Amino acid sequence: MVEKDSTARTRELGHRMKAFRQRRHFSGADVSRRNGWLQSKVTRWEQGLRELSVVDAALYLASCGEAEPERDLLLELTQPGGDLYWVRPYFDELVDPMKSLAIQEDLAHTIVRYESLTLPGLLQTEPYARTAYELIGNRDQAQLDQVVNARLDRQRLLHRDRPPRCRFHIHERALRSVIGGPRVMHEQLLHLVLSANLPYCSIRIVPESNEVSRTIENSFTIMEFAEHPAVVYTDSYAAGVFIDDRVAVEAYYSLVARLESDTLTEERSRQTLAEWADRYDRMDE
C-alpha cells in the first residue's frame, strides 16, 4: 500500500485498531510476528499513516482474537470511498459520528470552531445540550441519553493536563436563541463566561453586523494536529462530514480570517457574555 498523508478515516481506523489490540492484551510485535509483517507496518497502520486493505484488516483482527462487536465497524473503515470528503451518517446503526469527531478532537492540538445558530458542543451545559437534542426530535429516550452523555464526555479533553488550544467564534444570534428557557440560558452563559477565562480557551462573539457571517449557513470546526494535516468537520441534520481536501481546508482558514476581521475582542466578548447572562437571570425573576 502507498504511504500518504493521514485522513480522518485512517486516523480513526488506526485508533480503533490499536484499542482493539490492547483490549485483547496483544502487543504490536505479537500481531506483526503472527502475520510475518514488519512491526513498522503495524505501527503506521495504527497511526493512520498507511492504508489498510480488507484482507490485512481481517488478518490483524484474527491475530487479536475472533468475533467482537466492533469488528464490522473496523472493516467498514477500511473502505476508502471518497477519502477527501468522508461522510458519517447519523442514521446508520454501525456509524457513530460523534465518536468519530471525539477521536479527532482528542488527537488535535488546536481546535477552531464557528457556531452560527447554537453554542459550541464542547462548551454546552447538560440542560442546554439535552434540550437542544430534544428539539431536533429524531431520537428516543435511550438514544437521547446516549448522545447527551457522549457530548459531555467529549468535554473531558478541555480538562486534561495538556488540553488543545481552542478558539470559539460564536454568532450573536446563538446568544439570543433561547433553548430551554431563561434559567437554562443563564446557567449556560455563566458557563461560557467561566470558560472564556481559561488560558487555553478563546471565545469571540461574531456580531450581527458581520456581513461575512450572513453567507455562512453551517457551523464548522478546523482541527490541527502535530503530525497530520488539518481537517475540517461540518455537519447537517443527517450526517457529519470530514473534509481533508487541502484546497477546501485552506478556504475555511480564509473564511475564519474574514470572520475575525469584524469580531469582538476576547475582552469585549466576555463582557457581552456576562451581559447576556445577567439579562437571562432577570428574565427568570
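Buried area is the accessible area, found with a 1.4 Å probe, that two parts lose on being put together, summed over both.

What you have here is a predicted model, where local features need pLDDT of at least 70, side-chain atom pairs count only at pLDDT 80 or more, and totals for chains, interfaces and linings use all residues. Residues are numbered from 1 along each chain as its sequence is written, and side-chain values use heavy atoms, with hydrogens and water left out.

**Two domains**

The protein chain is assigned domain 1 (8–78) and domain 2 (85–284), with bounds that come from an automatic or database domain assignment. Their C-alpha centres are 32 Å apart. On the contact (heavy atoms within 4.5 Å), domain 1 puts in 12 residues and domain 2 puts in 15 residues. About 1,200 Å² is buried between domain 1 and domain 2, and carbon and sulfur atoms give 59% of that. Ala-8, Arg-11 and Glu-12 supply 48% of the area that domain 1 buries against domain 2, more than any other three residues.

Helices (H or I, at least four residues) and strands (E, at least two) are DSSP runs, numbered from the N terminus. Two strands pair if DSSP finds at least two bridges between them.

| Partner of strand 7 | Sense | Bridges |
|---|---|---|
| Strand 1 (residues 85–89) | antiparallel | five bridges |
| Strand 6 (residues 231–235) | antiparallel | four bridges |

Gly-240 of strand 7 is the bridge partner of Arg-88 and also of Asp-235. A hairpin of three residues joins strand 6 to strand 7. Four of the five residues in strand 7 are buried, that is, under 20% relative accessible area with a 1.4 Å probe, protein chains only (exposed is over 50%, partly exposed in between).

**The cores**

A nonpolar core is a set of buried Ala, Val, Leu, Ile, Met, Phe, Trp, Tyr and Cys residues joined through side-chain atoms within 4.5 Å. The largest one has 59 residues, and Ile-170, Leu-189, Ile-203 and Met-223 have the most contacts inside it. Helix 10 (residues 182–196) gives this core its largest share, six residues. Met-223 touches residues including Leu-101, Ile-111, Tyr-233 and Phe-242, not counting residues up to four places away in sequence. A second, separate core of 16 residues includes Val-212, Leu-255, Val-256 and Leu-259.
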